[in-house]
Amino acid sequence: MSALVTDPNIAIPDDFYEALILLHRDLTDAQSALVNAKLILLLANHIGDAGVLRAAMAAAREDVGAPL
Amino acid sequence: MSTHNYPKYEYRRPPELDAPGPHRGVVVVGAGPVGLTAAIDLAQRGIPVLVLDDDDTVSIGSRAICYSKRTLEILDRLGCGEPIAARGVGWKVGKVYQGNELAYQFDLLPETGHRRPAFVNLQQYHFEEALVRRANALPALELRWRHRVTNVTYSTDRVSLAVATEDGDYALACDWLIVCDGARSPIRHMLGLDFEGQVFRDRFLIADIRMASDFPAERRFWFDPPFHPNQSVLLHRQPDDIWRVDFQLGWDADPELEKQPERILPRLRAMLGADARFEIEWASVYTFQCRRMQKFRHGRLLFAGDAAHLVSPFGARGANSGIQDVDNLVWKLALVMEGKVDAALLDTYNDERVAAADENLRNSTRSTDFITPKSAISRTFRDAVLALARRHPFARRLVNSGRLSVPAVLAASTLNTPDADAFAGTMVPGTVAADAPVTGPRGAWLLAHLGGAFVLLAFGEGIAPAAARALAEAPIPCRVVQVGGAAGDDRDVVGDPEGLVAARYDGKPGTCYLFRPDQHVCARWRAFDAKAVRAALARATGHPEEA
């Protein structure tokens with residue numbers, strides 16, 4: 001089982017970030033939410049490793065605060 | 001609306017109204033699918049059993065309609081699988097649509113070589129009527145209709161019941177009480193026992209309609225179909241040209257209003273077409289809950305079925321799990337009542353079936369979270385899965401319209417003897433026996449040769465006659481069933497014409513499997529060793545210290 005990679009791993013980070021923002025251009029909030037959800041599911045399947053996915057979920061949840 | 005002619009079972013004045021009756025070994029409360037199955041199993045073992053029910057007919061309305069392969073196999077052992085399987089509509093394919101497009105399709109039994117199909121659909125009243133017929137054929141079983149239990153007390157040595165009838169009240173005492181009095185369980189309430197879990201904020205309309213149609217016998221489930229936007233719909237075929245349609249309505253729907261034909265008919269016409277010809281047989285609006293009792297055994301009281309645990313209907317895990325409950329319970333109770341094992345064996349009924357209930361609750365809750373998302377983001381992910389499922393195979397595995405009932409694997413049970421030898425395949429200790437075609441003295445299927453008592457299934461002629469006789473004549477007897485080789489009067493011998501017994505069990509010459517009376521594997525070896533079999537039998541009956 002591999003660990004979640006949190007060191008830089010994307011060759012040209014600014015290109016990726018621009019593409020991510022462009023992906024949502026002209027979408028409503030609801031459409032954006034759907035696109036994001038689809039993107040997460042596609043990437044999750046690509047990763048596959050349950051340990052990496054759980055580590056990523058935990059890292060994403062960090063610093064967001066307690067549930068209301 | 002209904003065209004079913006409901007039987008009316010005769011109330012009889014109980015003799016206890018005139019003179020105190022005998023102390024009884026075991027009483028079952030509730031003559032539904034679970035209570036009747038328990039009573040038939042006991043009576044078939046020759047144990048006298050009294051069943052009390054507060055009504056005098058079967059289920060009103062079709063209610064539980066999907067009976068699993070495992071339920072049919074249990075009922076085969078109890079002598080009433082065939083009429084139910086023959087009357088029901090067999091199916092194994094489920095199709096899930098988003099809108100009008102097929103998003104996902106599953107086959108619940110892709111291989112042949114099993115006596116029973118993945119599921120049969122049958123109205124609950126037909127199912128119960130078949131069980132009542134079987135019950136009435138057993139001399140050790142007494143069924144009392146319109147006898148309502150009004151009080152229960154229990155101590156370390158007995159259970160006392162107060163029973164009300166139209167002719168007056170009477171008292172009963174017994175050693176063991178099997179409580180199968182349904183989701184609202186009056187006995188659970190009387191005793192103030194817990195029933196923890198969650199109620200889901202959604203409502204569903206069931207409409208059973210009579211309609212001549214050549215749609216195939218498949219389970220069909222729609223998310224957001226054009227004829228019922230933003231909600232789900234489930235369609236099942238039943239016998240007699242009856243179709244079950246289940247419409248999701250949402251929490252705000254008015255249950256009384258939605259039950260009215262003038263509300264139901266437009267929904268059905270939107271689905272089936274303005275010209276479709278059908279009649280409504282039965283309709284009901286329901287909500288559901290996922291909850292269970294903390295413990296299914298309370299001393300001499302044994303809770304089973306909906307009285308002990310409730311799940312959502314998506315997955316057919318209600319009646320099917322209740323029948324597995326009593327399949328698990330009765331052989332243990334029989335051994336306890338015969339004085340052959342310590343009553344602590346009944347704690348393993350609790351442990352094993354609580355674990356199974358948790359598996360059912362987990363699956364049922366997951367399905368519910370997909371069908372009825374509880375938040376906007378949950379809804380977004382659900383819709384994302386459905387959108388991806390049209391193009392990408394991986395997402396089809398995430399679509400959850402109900403994970404259908406499969407028998408629990410009791411892998412963590414203390415009654416299992418852990419493997420010491422290497423095996424390929426899925427038949428680990430705790431698994432329910434896989435069926436396979438055979439030739440043998442008890443018919444054309446392997447499962448007919450297993451169950452009722454302990455069975456040692458032996459591949460090849462590795463067990464000497466003296467060893468087989470010693471197993472058969474032990475206080476807790478174990479029959480030998482041999483795959484292949486020469487017959488003997490100390491064992492059944494089955495042929496394996498298609499090689500499927502060997503394939504499904506990874507059977508090689510010398511391989512032995514020990515099956516419990518409920519057909520679960522509890523131990524297996526690559527070679528016969530009488531001492532190891534005796535130790536596994538002791539462990540499987542709750543006496544590991546003798547092992």
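Guide: Happy to! One term first: two residues are in contact if their C-beta atoms, placed from the backbone, lie within 7 Å. What you see is a predicted model, in which local features need pLDDT of at least 70 and side-chain atom pairs count only at pLDDT 80 or more, while totals for chains, interfaces and linings use all residues. Residues are numbered from 1 along each chain as its sequence is written, and chains are lettered from A and ligands numbered from 1 in the order in which they are written.

Let's zoom in on B:Ser321, which lies in helix 8 of chain B. Helices here are DSSP runs of H or I with at least four residues, strands are runs of E with at least two, and both are numbered from the N terminus. A residue is called buried if 20 or more other C-beta atoms, again placed from the backbone, lie within 10 Å of its own, exposed if 12 or fewer do, and partly exposed in between. B:Ser321 counts as buried because it has 30 C-beta neighbours inside 10 Å. Setting aside neighbours within four places in sequence, B:Ser321 is in contact with B:Ala356, B:Ala357, B:Asn360 and B:Ser405. B:Asp496, by contrast, is 175 residues away along the chain, and its C-alpha atom is 31 Å from that of B:Ser321.

Now step back to the domains, whose bounds come from an automatic or database domain assignment. For chain B that assignment gives domain 1 (15-85 + 123-194 + 293-364) and domain 2 (446-546). Taken over C-alpha atoms, the centres of these two domains of chain B are 30 Å apart. Domain 1 of chain B puts 13 residues into the contact and domain 2 of chain B puts in 12. On the domain 1 side, the elements giving two or more residues are helix 2 (69-77), helix 8 (319-337) and helix 9 (345-371) of chain B.

B:Val93 sits in strand 5 (residues 93-98) of chain B. With 16 other C-beta atoms within 10 Å, B:Val93 is partly exposed. Beyond its neighbours within four places in sequence, B:Val93 is in contact with B:Gln105, B:Asp107 and B:Glu218. The C-alpha atom of B:Val93 is 8.2 Å from that of B:Ala217, although 124 residues separate the two along the chain.

What about chain B as a whole? It comes to 14 helices and 26 strands. Its radius of gyration is 24 Å, close to the 24 Å that the globule rule gives for 547 residues, so chain B is as compact as a globular protein of that length. That radius is taken over C-alpha atoms, and the rule is 2.2 Å times the number of residues to the power 0.38. Of the 547 residues of chain B, 47% count as buried. Among contacts in chain B with a separation of 6 or more, 71% join residues 24 or more positions apart. The C-alpha trace of chain B spans about 75 × 65 × 40 Å along its principal axes.

Chain A has 3 helices and 0 strands.

Finally, the two chains meet where 9 residues of chain B are in contact with 6 residues of chain A. On the chain B side, helix 10 (376-389) and helix 11 (393-396) of chain B each give two or more residues, and helix 10 of chain B brings the largest share, 7 residues. The residues of that side divide into 7 nonpolar, 1 polar and 1 charged.

As for confidence, the predictor gives the complex an ipTM of 0.96 and a pTM of 0.94. Chain B has a mean pLDDT of 95, with 99% of its residues at 70 or more; pLDDT is the predictor's confidence in each residue, from 0 to 100.

Notes. Nonpolar A, V, L, I, M, F, W, Y, C, P; charged D, E, K, R; others polar.
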